[in-house]
Amino acid sequence: MMRKLLLGLVFSTAATSAVIAAPVTLQVWALDEPVHFTENMAKEFEAKNPDIKLDIKLVNFANILNDTIRAVSTNTAPDLLMLDNPDIASVASHDVLLDLSDRIAASKVVDAKNFYPGPINQSTWKGKIYGFPRGGNTLGLYYNADLFKAAGLDPTKPPQTWDEISAAAAKLTDAKKRQYGFGFSAVATEESTFQFLPWAQSAGGDFNAINTDGSVRALQFWQKLVDDKVATPEVLVLNQPDLGSQFVAGNIGMIVTGCWELPRFAKEVKFDWRVALMPIEKAGAPRASALGELAYAVPKTSAHPDEAFKFLEYIYSQSSRDWNEYGWLPLDQTATPKDPKWPEAYSVFAEQMKYARGRGPSPVWPKVSKAIQTAIQDTLTHKTDAKTALDTAQATIDGLIK
Amino acid sequence: MLQSGFAKYLRDGKGFEGTLIVAAVLYLLVFAAFPLIYTVVMSFQEVDMFTLGTLVRPFAGLQNYTDLFHRPEFAPIVWNTVIFVTLSIAFQLTIGFALALFFLQDFPGSTYVRGLFLAGWILPALVVGAVWRWIFAGDFGVLNYALQSLGLIDGQIYWLSDPAYALYSVIIANIWLGIPFNMILLSVGLAGIPGDVYEAAEMDGANVFQRFLTITLPMMGPTLGAVIALGVIFTLQQFDLVAALTQGGPANASNVAQYWSWQMSFQTYEISGGATVATMMIALVIVVAVIYVRSVQREQSF
């Protein structure tokens with residue numbers, strides 16, 4: 001009897017220690033197309049940490065917030081997931097994400113001093129960091145140097161103020177060839193808010209000061225570009241990839257779009273193209289640009305937050321590979337690539353990233369953004385004027401963020 | 001003994017019929033009734049994006065409905081939806097009917113060509129939307145090029161980005177998409193009219209128009225009713241084309257109720273607002289469905 005009991009005891013201890021030694025499996029939801037960033041990082045990380053396995057489920061961009069909401073409200077959230085950066089505040093405000101501030105402060109790998117300000121602010125809600133940006137992307141001015149030369153413009157001096165943009169756009173426009181001087185995206189989705197805010201910010205506005213004189217001037221500027229036919233009315237339905245295609249086809253002389261287009265343009269563009277900083281209202285005005293990119297977040301329900309954070313530290317430690325291998329700027333300003341691809345574009349975007357400002361943060365960002373999109377579309381279609389449209393947007397936004 | 005008795009009961013007679021009914025009803029309850037009731041319930045509640053997993057939420061009374069009626073975009077979107085449904089069905093039906101009559105004429109290859117027409121209907125609406133997006137493109141679109149080559153227009157028409165045209169562009173694409181379906185259903189109806197009726201009328205000296213007005217139309221009544229009812233239901237479901245072509249823009253010029261409901265539910269997370277629009281559409285569809293069921297019953301009584 002006694003022997004049996006002892007034997008049982010031995011067995012059960014053996015079983016417990018076996019459980020402790022067994023590898024931890026992290027459930028990860030990754031948005032990985034087209035670069036397979038999370039999957040590659042996971043393979044490298046697993047090789048270095050045999051006691052941690054990552055079980056990766058791929059999600060797509062359109063569903064990521066819906067999937068997260070569903071998982072959180074049914075208690076089936078993974079250990080690590082990804083969100084588009086303006087959505088961090090929405091999810092964090094419901095108290096379902098783990099506060100990463102202490103772990104970041106205590107980390108030997110991550111150094112908060114070196115973060116670009118934009119991405120980390122965008123992942124912060126009420127002073128606590130809930131998202132860990134995998135990097136950042138931002139907008140810049142792409143221009144067709146061949147068209148510049150043909151129009152008698154100096155391609156080494158790209159336009160840098162709004163007036164210069166109008167003047168250059170007028171010269172680059174050729175109505176007969178249906179060639180336009182300038183292009184941006186004012187489509188009725190998040191993309192137009194993303195594109196418009198830097199213009200408003202450079203003139204002193206922002207999402208919560210959207211009816212200031214500066215914001216109104218910015219929207220009037222957009223409206224005038226379309227009214228003067230130096231930008232196509234199709235900006236109302238062109239999303240950023242469509243806009244990029246028009247640039248590749250040589251139909252638009254200058255466009256505003258993100259650094260994510262560099263690999264495509266390098267492959268497809270048949271003319272001499274260059275990149276410049278986003279234009280500002282007038283000399284001396286503050287610089288501004290948009291900020292995109294995904295961020296990782298750890299749901300509060302995760303049983304393995306330490307292992308999840310260890311994986312994030314690994315990703316952070318590899319930051320200097322981001323630009324060349326994956327096409328975005330790292331969270332860590334000091335992680336410069338040794339031999340950057342497209343060196344001129346790299347220096348423009350690395351500089352531009354310092355001025356990249358997030359959207360919000362606001363827990364009701366989609367509604368705030370919708371109010372801005374409505375104002376943009378109402379103004380460009382002359383349903384109403386810029387001032388009235390932005391006053392309406394401001395009233396809506398005031399009601400939302402109170 | 002008992003078991004084999006029960007098995008026998010299930011295999012033939014009342015038990016078998018009962019099983020079939022229970023299976024069908026269960027399926028309907030889980031996959032149709034539950035989501036439907038869930039949507040209606042949400043339209044009377046305050047729904048937050050993280051309370052989706054529960055049915056117990058603050059009761060909002062008719063607040064969601066009054067909020068919706070007071071939105072500035074409510075009236076234009078309802079009006080757009082009316083235009084969208086009316087024009088889509090009117091043209092789908094007339095063109096579909098004309099084609100069905102055309103293919104009824106016995107010419108070589110008529111059945112094959114009629115079959116080919118279905119190709120358009122098989123295409124997913126998102127693909128159709130992408131194709132029409134190229135056709136309608138303002139600066140380099142095929143349609144503008146064709147119209148200019150024919151000398152019909154001078155400048156560009158911005159089919160998708162001009163608020164005066166956007167809704168009608170979506171309607172044109174939707175008409176194109178719906179014609180084959182209308183044509184096939186109506187062809188089936190036409191095939192059901194006995195040929196000797198026409199022969200008798202012809203002998204009595206009725207010309208082709210008289211035959212159409214006094215034989216074809218009345219005998220097609222129930223089929224037409226069914227096709228119109230199905231058309232209303234399908235048109236009210238037409239979400240993908242709007243998504244692919246205009247996303248309801250510019251400035252809501254081409255926004256329709258079904259797309260608006262989705263925008264509220266999944267873009268701005270005003271889930272009760274989206275559910276409220278959906279509930280009103282359900283009410284409308286139920287009315288149409290009743291008409292449909294009744295016209296099918298009349299059809300069977302022939």
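Of the 402 residues of chain A, 51% count as buried, a residue being buried if 20 or more other C-beta atoms, placed from the backbone, lie within 10 Å of its own. The model is a predicted one, in which local features need pLDDT of at least 70 and side-chain atom pairs count only at pLDDT 80 or more, while totals for chains, interfaces and linings use all residues. Residues are numbered from 1 along each chain as its sequence is written, and chains are lettered from A in the order in which they are written.

Chain A holds 17 helices and 11 strands; these are DSSP runs numbered from the N terminus, with at least four residues (H or I) for a helix and at least two (E) for a strand. The C-alpha trace of chain A spans about 100 × 50 × 35 Å along its principal axes. Two residues are taken to be in contact if their C-beta atoms, placed from the backbone, lie within 7 Å. Among contacts in chain A between residues at least 6 apart in sequence, 74% join residues at least 24 apart.

The domain assignment, automatic or from a database, gives chain A domain 1 (22–137 + 292–353) and domain 2 (139–290 + 364–401). Their C-alpha centres lie 29 Å apart, and 15 residues of domain 1 are in contact with 17 residues of domain 2. On the domain 1 side, α4 (87–92) and α15 (343–353) of chain A are the elements that give two or more residues, and the largest share, 6 residues, comes from α15(A).

Within chain A, strands β1 (residues 24–30) and β2 (residues 52–58) run parallel and are joined by 7 bridges, where pairing requires at least two DSSP bridges. The chain crosses from β1(A) to β2(A) through helix α2 (residues 37–48) in a right-handed β-α-β crossover, that is, clockwise from the first strand over the helix to the second with the strands pointing away from the viewer. Trp29(A) stands opposite Lys57(A) in β2(A).

The largest nonpolar core has 172 residues; among those touching the most other members are Leu83(A), Phe182(A) and Leu241(B). Such a core is a set of buried Ala, Val, Leu, Ile, Met, Phe, Trp, Tyr and Cys residues joined through C-beta atoms within 7 Å. Both domains of chain A give residues to this core, so it lies between them. Beyond its neighbours within four places in sequence, Phe182(A) is in contact with residues including Ile165(A), Leu225(A) and Met254(A).

Turning to the partner chain, 24 residues of chain A are in contact with 23 residues of chain B. Helices α3 (64–73) and α16 (365–380) of chain A are the elements that give two or more residues to this side.

Conventions: Buried ≥ 20, exposed ≤ 12 C-beta atoms within 10 Å, placed from the backbone.
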